[in-house]
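Please look over the sequence and the model shown here before reading on. The report below takes up a pocket, a helix and a few individual residues.

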Amino acid sequence: MSSSSSAKGKWIPEAEYDEITKKIPILCIDVLPIHPGPERLVGLILRDTFWDRRRWCLVGGGVQHGEPLPNAVERVFDWALGDRVSLDLDTLNLKEVVEYFPDPDTGEFFDARKHAVALTYTCVMSGDPCPRGKAIDFRWFSPDALPERDALGFGQERLVPRLLAA
């Protein structure tokens, strides 16, 4: 998404959003989808990250002004995976608060575009994902067969195992 919006649907022009991200952290939600079946599987989206690199990532996005967090989760999933997926919000479980810094030497997680604070969840997801928006692909992975470390974006190769262990 090249710009951000408020919960009332008013778009912030890209130049203004860029100025905001230079001054204050952005509140985001990130979610690791959990498959509802008997086999333990987790979902990741393939997306472009910074410097034109495609990486596997958690499903995530910004929280809009005035938007309740569960609504943000549903909106982000709809935006990334379409309306044929269903989230069991009773299983929405906050696992960790993660900071992404624009300087890779500042913290554990890195996003060259901005300083972001992500409320990071797991949640059971069912249905037929149809990647769209920033999501190029979606796949289910066994926790013991996750993508290689350098195939995960934003430093999330360290985060996914922690989310599964928590």
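This is a predicted model: local features need pLDDT of at least 70, side-chain atom pairs count only at pLDDT 80 or more; totals for chains, interfaces and linings use all residues.

Residues are numbered from 1 along each chain as its sequence is written, and side-chain values use heavy atoms, with hydrogens and water left out.

**The second largest pocket**

The second largest pocket holds about 210 Å³ of space, a volume being the space filled by probe spheres set on grid points that are joined across faces, edges and corners. On a 1 Å grid over the protein atoms alone, a pocket is an open set of points where a 1.4 Å probe fits, with protein on both sides within 12 Å along at least five of seven lines, and lining residues have an atom within 4 Å of a point. Its lining consists of 15 residues, and Phe 50, Arg 53, Leu 152, Phe 154 and Gly 155 lie nearest the centre. By class the lining has 5 nonpolar, 3 polar and 7 charged residues, where Ala, Val, Leu, Ile, Met, Phe, Trp, Tyr, Cys and Pro count as nonpolar, Asp, Glu, Lys and Arg as charged, and the others, Gly among them, as polar.

Arg 53 lies in the loop between β4 and β5, helices (H or I, at least four residues) and strands (E, at least two) being DSSP runs numbered from the N terminus. Apart from neighbours within four places in sequence, Arg 53 is in contact (heavy atoms within 4.5 Å) with Arg 47 and Asp 48. Phe 154 is found in the loop between β10 and α3, and its phi is near 65°, a positive value in a residue other than glycine. Most residues other than glycine have a negative phi.

**Accessibility of selected residues**

Buried means under 20% relative accessible area, exposed over 50%, and partly exposed in between (1.4 Å probe, protein chains only).

| Residue | Relative accessibility | Class |
|---|---|---|
| Cys 28 | 10% | buried |
| Cys 57 | 1% | buried |
| Gly 153 | 3% | buried |
| Phe 154 | 8% | buried |
| Trp 56 | 9% | buried |
| Arg 53 | 39% | partly exposed |

In helix α3 (residues 156–165), the buried residues are Gln 156, Glu 157, Leu 159, Val 160, Leu 163 and Leu 164. Seen down the axis of α3, these residues fall within an arc of 160°, so they line one face of the helix; the arc is that of the directions from the helix axis to the C-beta atoms. They pack against β3 (26–34), β4 (42–48), β5 (54–57), β7 (85–101), β8 (109–110) and β9 (116–127).

Gly 153 is found in the loop between β10 (135–141) and α3. Its C-alpha atom is separated by 5.9 Å from that of Trp 56, although the two are 97 residues apart along the chain. Trp 56 is in strand β5 and, not counting residues up to four places away in sequence, touches residues including Leu 44, Asp 137, Pro 147, Gly 153 and Gln 156.

**The cysteines**

A search of the whole structure finds 0 disulfides, a disulfide being a pair of cysteine sulfur atoms within 2.5 Å. The sulfur of Cys 28 is 12 Å from the closest cysteine sulfur, in Cys 57, which is too far for a bond.
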